[in-house]
Amino acid sequence: MTATLAKVYLEQKKYKKAIQAYKILSLKYPEKSSFFADRIKAVEKIQQENN
């Protein structure tokens, strides 16, 4: 799992997969967990706006 793959999911509007990717990355790289948490919140906001 990579941040690039999460970004691709986001561009493809596959929001659930993007969020899952960021969650996996957060566990894989605990030192960057706050960054990934922010990305998850951003994706969730985009997801709500598009529903």
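1. M1, L5, V8 and I24 form a nonpolar surface patch of about 260 Å². Such patches comprise residues with over 30% relative accessible area and no salt bridge, nonpolar side chains (Val, Leu, Ile, Met, Phe, Trp, Tyr) being joined within 5 Å and like charges within 9 Å; a salt bridge is a side-chain nitrogen of Lys or Arg within 4 Å of a carboxyl oxygen of Asp or Glu. Areas are from the Shrake-Rupley method with a 1.4 Å probe, and for residues only the protein chains shown count as cover.

2. The model is predicted: local features need pLDDT of at least 70 and side-chain atom pairs pLDDT 80 or more, while totals for chains, interfaces and linings use all residues. Residues are numbered from 1 along each chain as its sequence is written, and side-chain values use heavy atoms, without hydrogens or water.

3. L5 lies in helix α1, residues 3–11 (helices are DSSP runs of H or I, at least four residues; strands are runs of E, at least two; numbering starts at the N terminus). L5 counts as partly exposed because its relative accessibility is 31% (buried is under 20%, exposed over 50%, partly exposed in between).

4. The largest nonpolar core has 12 residues, among them L10, Y22 and V43 (buried Ala, Val, Leu, Ile, Met, Phe, Trp, Tyr and Cys joined through side-chain atoms within 4.5 Å). The elements giving two or more residues to this core are α1, α2 (15–28) and α3 (33–49); α2 gives the most, with 6 residues.

5. The protein chain has 3 helices and 0 strands. Its C-alpha trace spans about 30 × 15 × 10 Å along the principal axes. Buried residues make up 27% of the 51 residues.

Conventions. Buried means under 20% relative accessible area, exposed over 50%, partly exposed in between (1.4 Å probe, protein chains only).
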